[in-house]
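Please open the model in your viewer and keep the selection tool at hand.

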Amino acid sequence: MARIAIIGLVGRSMFFEVPRFHSGGETITAKSLYEEWGGKGFNQAVAAARQDAAVSFLGAVNAADAKAIKDFCLKEGIRATLATKKKPTATAAILTDGTGETRVTVYPGAELEVKDVDGFAGSIAMADFLLLNNEVPEAVNLAAVAIAKQYGVKIIFNPAPARKLPKAIVEAVTIFTPNEFEEKLLASGFQLLGDDGLRANSSKLKAEVVTTLGAKGCRIGSTGEVVPAPAVKAVDSTGAGDTFNAVLAVRLAEGEELREACVAANEAAAQSVAVRFVLPSIPQRG
């Protein structure tokens, strides 16, 4: 069984369906409201667990929400370590208008600290892969990377939201999984962006790079090959990247070659975009 450790944000996602977006001080009545727990790391943990992996997740929450999130994780088979904080749990309000366009407002709320990572060290040490992203403070990722290096644990880093990364992270990562925008920022410090994307085989960047391309699939940096995704009618792409990352990590941990793992990750992400919202869209392993 694949063993995946994940650090990331967990919070409340509130989806409002509106006829149109606001103008000035206008008040608009939503046509519907849907709520779920979310966050990149949390979504990835759910997706990995639904791929039959042994998943450990570290996130920060307000104490009032800890039991509800723990109970959800227990049902999903996720071993959750939740650091309780005084700040409210992170919350996102997502407005979708009649054309499918979205507007998102995020309150980051409770955040992890380096001391919280220390308590998660055992889970990192036992993992096949550590999955990280940029929704937590950089100091938290640096602490996690140091533990992973100590125990020889491979790291998949989803550089979203996009930001410049310190050398200690860049040099420790096994696979980066940016989208095309994030790929350009990742490459900017290395001058490695060519016509066919980020050249992961450069001596300046030791990591592999798998760039997600939406409906087109993904591109493997070391070969330049674009691995196509199945054609589907997309309804909601929210969380598709999280599903991709989780499935990629699980399949690699199970011993699949990178291209095979990319095929599986593309297929799962394609399934997810055919269903509205995030948690209902994350597929179970067939």
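Start by selecting helix α1, residues 40–49, together with helix α8, residues 240–253. This is a predicted model, and in it the two helices pack at an angle of about 50 degrees.

On α1, pick Lys40, Asn43, Gln44, Ala47 and Ala48; their partners on α8 are Asp242, Thr243, Asn245, Ala246 and Val250. Colour this α1–α8 contact by residue type and you will find four nonpolar, four polar and two charged residues.

Next, move to strand β13 (residues 208–212) and select Thr211. Is Thr211 buried or exposed? Thr211 is buried, because its relative accessible area is 1%, and the cut-off for buried is under 20%. Show what surrounds Thr211: beyond its neighbours within four places in sequence, the residues in contact with Thr211 are Pro178, Asn179, Glu180, Glu183, Gly217, Cys218 and Arg219. Zoom in on Glu183, whose side chain makes a polar contact with the side chain of Thr211 at 2.9 Å. For one more distance, pick the C-alpha atoms of Thr211 and Glu182: they are separated by 8.8 Å, with the two residues 29 apart along the chain.

The remaining stops are about backbone geometry. Most residues other than glycine have a negative phi, and most peptide bonds are trans.

Select Ala160 and Pro161, which are joined by a cis peptide bond with omega about -5 degrees. Pro161 sits in the loop between β9 (154–158) and α6 (167–170).

Then go to the loop between α1 and β4 (54–62), where you will find Asp52. What is the phi of Asp52? Phi is near 70 degrees here, a positive value in a residue other than glycine. Asp52 counts as partly exposed, because its relative accessibility is 48%.

Finish in the segment after α9 (258–273), where Phe277 lies. Phe277 is not a glycine either, and its phi is positive, about 70 degrees.

Technical notes. Residues numbered from 1 in each chain as written. Predicted model: local features only at pLDDT ≥ 70, side-chain atom pairs only at ≥ 80, totals over all residues. Heavy atoms only, no water. Axes fitted to C-alpha atoms, helices over the stretch in contact; angles between N-to-C directions. Helix = DSSP H or I, 4+ residues; strand = E, 2+ residues; numbered from the N terminus. Contact = heavy atoms within 4.5 Å. Nonpolar A, V, L, I, M, F, W, Y, C, P; charged D, E, K, R; others polar. Buried < 20%, exposed > 50% of the residue type's maximum accessible area, 1.4 Å probe, protein only. Polar contact = N/O pair within 3.5 Å; in protein donor to acceptor, adjacent residues only side chain to side chain.
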